[in-house]
Amino acid sequence: GRVAYVPAESWGSGLASLSVASIIKGARDRSTTEGGADATLDALEAATGVGKLRHRDTSALSDGQRRAVQLFVALAPPKLEVILLDEACADLDALVRDRVLTYVRATEATVLYATHVFDGLDDWPTHICDVRGGRVEACEVWQSKGPGSLFATAKARLEASEPADMKEAAARALEEETQSTLSGDAVVFEGVTYRYDPRARPALDGCSFTIKAGRRVVVVGENGAGKSTMLALAAGARLGMDQSISIHGAHPSQQNLRAPTSTPRVAYLGPAFKQQLETCAAISKATPFGETLAAYKDDAFQTRAKRLMALLHVEESWRT
């Protein structure tokens, strides 16, 4: 049978700068040569939203946009019998994700979709395959019990298989209370404009907002809207020296707010963080995680690290 496979690793920013229009044309041409229908390809193009990216190069796309192009290429061949999606929708915005999964559901193919994101999937699967410790513990018919039931089922299965000592350690860590002494404006952008290339359209265009200390803000928007750029600038992972950006009064491009001695201090987990982590892993892949932590002599850091390790089930013997 014919198989489509989309791995967890999306096409990275290091991908050669290729015209999206040429990629779409190539995928469509191969499909029609093999008997694919234009109407089906049009539906896939609409689901992935790649049509509006035709004028762009891959190097100028966001992670989610590159993932959408990757999905189009993978799903374009006709007569697919098996579709394998390994966290293939994690980078997509909510609208594109829903449309892609609706498209996949409408095919006649057998689909295996590995994911940790269950919102909107309650009525999507026909079966649930429960994998634990390298073995399939169960493969059962799925019957939705309403919104959130798939997430609740997955969570219950994980909790049932969690070792008692790990469950107790996580519970203790969650009981610990932390109190913030910060107040006032935490993050302020005033008319921030940022381009990755002087010739390109702005990734942020006159962006202004203020977030008070202690708030938890979910940033939403379509792929390529500027969400990652905004966070990277706030962290100092992208330089905006001439832009009006304040993190508790400090400018993240003029002061390293991620440094151990920084006040205020910023934690950043984004594409730049992932690239840095991969570089470190390549250099120190033989180093146990516990040894890496021991290099930090800050007692407060050690206490917090132990708490996070309990919550995330990270073991000191793991190697980076």
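Tutor: Let us begin with His248, which sits in the loop between β8 and α8, and keep in mind that the model is predicted.

Student: What makes the backbone of His248 worth a remark?

Tutor: His248 has a positive phi of about 50° although it is not a glycine. Most residues other than glycine have a negative phi.

Student: Why is His248 called partly exposed?

Tutor: The relative accessible area of His248 is 25%, and buried means under 20% while exposed means over 50%, so the value for His248 falls in between and the residue counts as partly exposed.

Student: Which value makes Lys79 count as exposed, and where does this residue lie?

Tutor: Lys79 is found in the loop between α3 (63-75) and β2 (82-86), where a positive phi of about 60° is again given for a residue that is not a glycine. Its relative accessible area is 65%, and because the cut-off for exposed is over 50%, Lys79 is called exposed.

Student: Are Glu222 and Lys52 buried, partly exposed or exposed?

Tutor: Glu222 has 45% relative accessibility and counts as partly exposed, whereas Lys52, at 55%, is exposed, because exposed means over 50%.

Student: What makes Asp130 and Arg157 a salt bridge, and which parts of the chain do they tie together?

Tutor: Their closest N and O atoms are 3.1 Å apart, and the limit is within 4 Å, so Asp130 and Arg157 qualify. Asp130 lies in strand β4 and Arg157 in helix α5 (residues 149-161), so the pair ties together parts that are 27 residues apart in sequence. At 9% relative accessibility Asp130 is buried, because the limit for that word is under 20%, while Arg157, at 21%, is partly exposed.

Student: How many salt bridges does the rule give for the structure?

Tutor: The count comes to 15 salt bridges.

Student: What makes the patch that includes Leu174 a nonpolar surface patch?

Tutor: Leu174, Leu308, Leu311 and Leu312 make a nonpolar surface patch of about 380 Å². Leu174 lies in helix α6 (residues 164-175) and has a relative accessible area of 62%, and because a patch residue needs over 30%, Leu174 passes that part of the test. Helix α10 (residues 299-312) gives the most to the patch, with three residues.

Student: How is the lining of the largest cavity divided by class, and how much space lies inside?

Tutor: The largest cavity holds about 80 Å³ of space, and its lining has three nonpolar, four polar and three charged residues. Among the lining residues are Lys52 and Glu222, which also meet in the salt bridge discussed above.

Definitions and conventions. Residues numbered from 1 in each chain as written. Predicted model: local features only at pLDDT ≥ 70, side-chain atom pairs only at ≥ 80, totals over all residues. Heavy atoms only, no water. Patch = residues over 30% accessible without salt bridge, like charges linked within 9 Å, V, L, I, M, F, W, Y side chains within 5 Å. Areas by Shrake-Rupley, 256 points an atom, 1.4 Å probe, with all protein chains shown as cover. Salt bridge = Lys/Arg side-chain N within 4 Å of Asp/Glu carboxyl O. Helix = DSSP H or I, 4+ residues; strand = E, 2+ residues; numbered from the N terminus. Buried < 20%, exposed > 50% of the residue type's maximum accessible area, 1.4 Å probe, protein only. 1 Å grid on protein atoms, 1.4 Å probe; cavity = no way out; pocket = protein on both sides within 12 Å on 5 of 7 lines; lining within 4 Å. Points joined across faces, edges and corners; volume = space filled by probe spheres on them. Nonpolar A, V, L, I, M, F, W, Y, C, P; charged D, E, K, R; others polar.
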